[in-house]
Amino acid sequence: MAFMSPRGSLPIPGTPSARAAVAEDGETFTPQPAIALHHQIKEDLFLHLRSGRWPPGFELPPEALLCKHYGVSRGTVRRAVGDLVTEGYIERHRGRGSFVSRPKLESGVVGSYKSFRIIGPPLDPGGRVLACRRVRALKDVASMLGRDAGVSIWQLERVRFTDRVPVSLQTSFIPVDLCSDLSRHDLRARHLVDVLRDEYGVQLASAVEYVEPTVADGYTAKALRIASRTPLFQIERVTSAPDGSVVEYRRAVLRGDVYRYRIELR
């Protein structure tokens with residue numbers, strides 16, 4: 001879900017042009033017709049925050065520059081930034097501007113991966129595929145995958161179901177060199193992990209997962225057929241192979257009215 005504009009990338013923190021101009025570095029924004037534009041912009045801005053490109057305290061470019069950069073109206077930009085404000089990633093200060101919030105405190109669980117697990121009905125295999133396409137890894141996503149910007153990656157977005165009820169919206173980024181023809185497989189009916197293992201011999205050894213509460217924005221609410229602002233878990237996961245290389249970076253939301261997480265301390 002990382003998108004950039006044909007007008008270039010957004011400013012890099014600390015540069016003199018951060019509030020006056022858009023830096024040109026060749027990154028392009030290719031919107032997907034099936035995904036709401038404000039949601040694509042929100043996710044792109046989120047990756048700027050998560051990758052460290054925009055550190056805590058960084059002032060977002062003014063609305064006029066964001067509108068020019070993405071080629072959208074002020075209303076679209078305000079909706080995207082507003083969702084990030086609701087989720088606690090951006091702070092708005094009247095008369096001063098919008099700033100990246102301080103990072104949340106982390107509490108770790110020491111022990112086996114099974115000591116921290118989801119409780120609820122299992123997800124059905126596959127799901128409704130919203131996008132499965134090869135894209136060029138932009139800086140933010142590339143940093144999550146431990147790859148160089150510009151390498152080919154798969155961007156897979158799906159709605160996942162439990163007993164045919166939509167419960168999760170997931171976007172995965174996977175290096176193309178691990179699965180060169182991923183799109184030819186029926187990802188509507190199979191678990192991604194099974195396809196990677198059985199078709200490409202990709203072994204998964206470990207994962208780091210971040211879980212935090214959030215609420216459904218308009219796009220997510222429509223995809224999951226729930227009311228806006230329904231409680232959700234927001235999940236980020238980086239999954240690695242036995243050699244430590246990153247196999248998948250995933251961003252997802254999971255319905256908090258269907259699932260909960262259990263932690264076992266020993």
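About how much space lies in the largest cavity? About 140 Å³ lies there, where a cavity is a set of points on a 1 Å grid over the protein atoms alone at which a 1.4 Å probe fits but cannot get out, and the volume is the space filled by probe spheres set on the points. This is a predicted model, in which local features need pLDDT of at least 70 and side-chain atom pairs count only at pLDDT 80 or more, while totals for chains, interfaces and linings use all residues. Residues are numbered from 1 along each chain as its sequence is written, and side-chain values use heavy atoms, with hydrogens and water left out.

The structure holds 1 cavity of 30 Å³ or more. Its lining comprises 17 residues (those with an atom within 4 Å of a point), and His39, Glu43, Thr220, Arg251 and Val253 lie nearest the centre. Two or more lining residues come from each of helix H1 (37-50) and strands S6 (165-175), S7 (206-215), S8 (231-240) and S9 (246-255), helices being DSSP runs of H or I with at least four residues and strands runs of E with at least two. The lining residues divide by class as follows.

| Class | Lining residues |
|---|---|
| Nonpolar | 7 residues |
| Polar | 5 residues |

Across the protein, which has 6 helices and 10 strands, buried residues (under 20% relative accessible area, 1.4 Å probe, protein chains only) account for 47% of the 266 residues.

Strands S1 (residues 90-93) and S2 (residues 97-100) run antiparallel and are joined by 4 bridges, with Ile90 partnered by Val100. In the turn of this hairpin, which has 3 residues between the strands, Gly95 has a positive phi of about 85°.

How values were computed
1 Å grid on protein atoms, 1.4 Å probe; cavity = no way out; pocket = protein on both sides within 12 Å on 5 of 7 lines; lining within 4 Å. Nonpolar A, V, L, I, M, F, W, Y, C, P; charged D, E, K, R; others polar. Buried < 20%, exposed > 50% of the residue type's maximum accessible area, 1.4 Å probe, protein only. Pairing = 2+ DSSP bridges.
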